[in-house]
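Trainee: I have a structure to read and would like to go through it step by step. Where do we start?

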Amino acid sequence: VREWDIVDCEEDEEHASEFFVVGMDVAKDQRLNLTERGMLLTLLSLPPDWDFTVEGMTKILPDGRDRII
């Protein structure tokens, strides 16, 4: 079991780059299944210059190419 830390990013610049905010509408969007929500969160967590390709995703996700496409 992992304990989750609550960090106020406005006051803690050291940890500010470790977090991002996602609207509740994404979490509650019934058009997205659990896998799609996880993929969206993964994509949002990556820097803008990251390799946004299937090959790039296979390097960081354990699901394999068939599951990603």
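**Reading the model**

Mentor: Of the 69 residues in the protein chain, 9% count as buried. This is a predicted model, and the questions can start from there.

Trainee: What is the mean pLDDT of the helix where confidence is lowest, and which helix is it?

Mentor: Over the protein chain pLDDT averages 79, and 77% of the residues score at least 70. Confidence is highest in α4, at 90. Where pLDDT is low, the predicted coordinates should not be read in detail. The lowest confidence, a mean of 66, is in helix α1 (residues 13–16).

Trainee: Which pattern does the protein chain follow along the sequence?

Mentor: The protein chain has five helices and zero strands. Read along the sequence, the pattern is therefore written with helix symbols, as helices and strands are numbered from the N terminus. That pattern is α-α-α-α-α.

Trainee: How much of the accessible surface belongs to carbon and sulfur atoms?

Mentor: The protein chain has an accessible surface of about 6300 Å². The part that belongs to carbon and sulfur atoms is 53%.

Trainee: Among contacts between residues at least 6 apart in sequence, what share joins residues at least 24 apart?

Mentor: A contact here means heavy atoms within 4.5 Å. Among the contacts between residues at least 6 apart in sequence, the share that joins residues at least 24 apart is 10%.

Trainee: Is Asp29 buried or exposed?

Mentor: Asp29 meets Arg31 in a salt bridge through their side chains, at 2.7 Å from N to O. Arg31 has a relative accessible area of 71%, so Arg31 is exposed. The relative accessible area of Asp29 is 17%, and buried means under 20%. Asp29 is therefore buried.

Trainee: The structure holds two salt bridges. What is the distance between the closest N and O atoms of Glu55 and Arg65?

Mentor: Glu55 lies in helix α4 (residues 54–60) and Arg65 in helix α5 (residues 65–68), so their pair ties together parts that are 10 residues apart in sequence. Glu55 is partly exposed at a relative accessible area of 42%. Arg65 is partly exposed as well, at 44%. In the salt bridge between Glu55 and Arg65, the closest N and O atoms are 2.9 Å apart.

Trainee: Which residues make the nonpolar surface patch of about 260 Å²?

Mentor: A patch takes residues with over 30% relative accessible area. Leu41 has 39% and is partly exposed, and Leu44 has 46% and is also partly exposed. Both Leu41 and Leu44 are placed in helix α3. The patch is made by Phe20, Leu41 and Leu44.

Trainee: How far apart are the C-alpha atoms of Leu41 and Phe20?

Mentor: Leaving out residues up to four places away in sequence, Leu41 touches Phe20 and Val22. Leu41 and Phe20 are 21 residues apart along the chain. Their C-alpha atoms are separated by 9.5 Å.

Trainee: Which residues does Leu32 touch, not counting residues up to four places away in sequence?

Mentor: Leu32 is in the loop between α2 (24–28) and α3. Its relative accessibility is 23%, so Leu32 counts as partly exposed. With residues up to four places away in sequence left out, Leu32 touches Val26, Arg37 and Leu40.

Trainee: Is the aromatic pair of Trp50 and Phe52 stacked or edge-to-face?

Mentor: The count comes to one aromatic pair. Trp50 and Phe52 lie 5.4 Å apart, centre to centre, with 80 degrees between the planes. Phe52 is partly exposed at 42% relative accessibility. Planes over 60 degrees apart count as edge-to-face, so the pair of Trp50 and Phe52 is edge-to-face.

Trainee: What is the C-alpha to C-alpha distance between Ser45 and Phe19?

Mentor: Ser45 is placed in the loop between α3 and α4. Ser45 is partly exposed, at a relative accessible area of 43%. Ser45 and Phe19 are 26 residues apart in sequence, and their C-alpha distance is 8.2 Å.

Trainee: How far apart in space are Glu36 and Ile68, C-alpha to C-alpha?

Mentor: Glu36 is in helix α3 and counts as partly exposed, at 37% relative accessibility. In sequence, Glu36 and Ile68 are 32 residues apart. In space, C-alpha to C-alpha, Glu36 and Ile68 are apart by 9.6 Å.

How values were computed
Residues are numbered from 1 along each chain as its sequence is written. Side-chain values use heavy atoms; hydrogens and water are left out. Patches are made of residues with over 30% relative accessible area and no salt bridge: like charges are joined within 9 Å, nonpolar side chains (Val, Leu, Ile, Met, Phe, Trp, Tyr) within 5 Å. Accessible areas come from the Shrake-Rupley method with a 1.4 Å probe; for residues, only the protein chains shown count as cover. A salt bridge is a side-chain nitrogen of Lys or Arg within 4 Å of a carboxyl oxygen of Asp or Glu. Helices (H or I, at least four residues) and strands (E, at least two) are DSSP runs, numbered from the N terminus. Buried means under 20% relative accessible area, exposed over 50%, partly exposed in between (1.4 Å probe, protein chains only). Rings of Phe, Tyr and Trp (its six-membered ring) pair if their centres lie within 6.5 Å; planes under 30 degrees apart count as stacked, over 60 as edge-to-face and the rest as tilted. pLDDT is the predictor's confidence in each residue, from 0 to 100.
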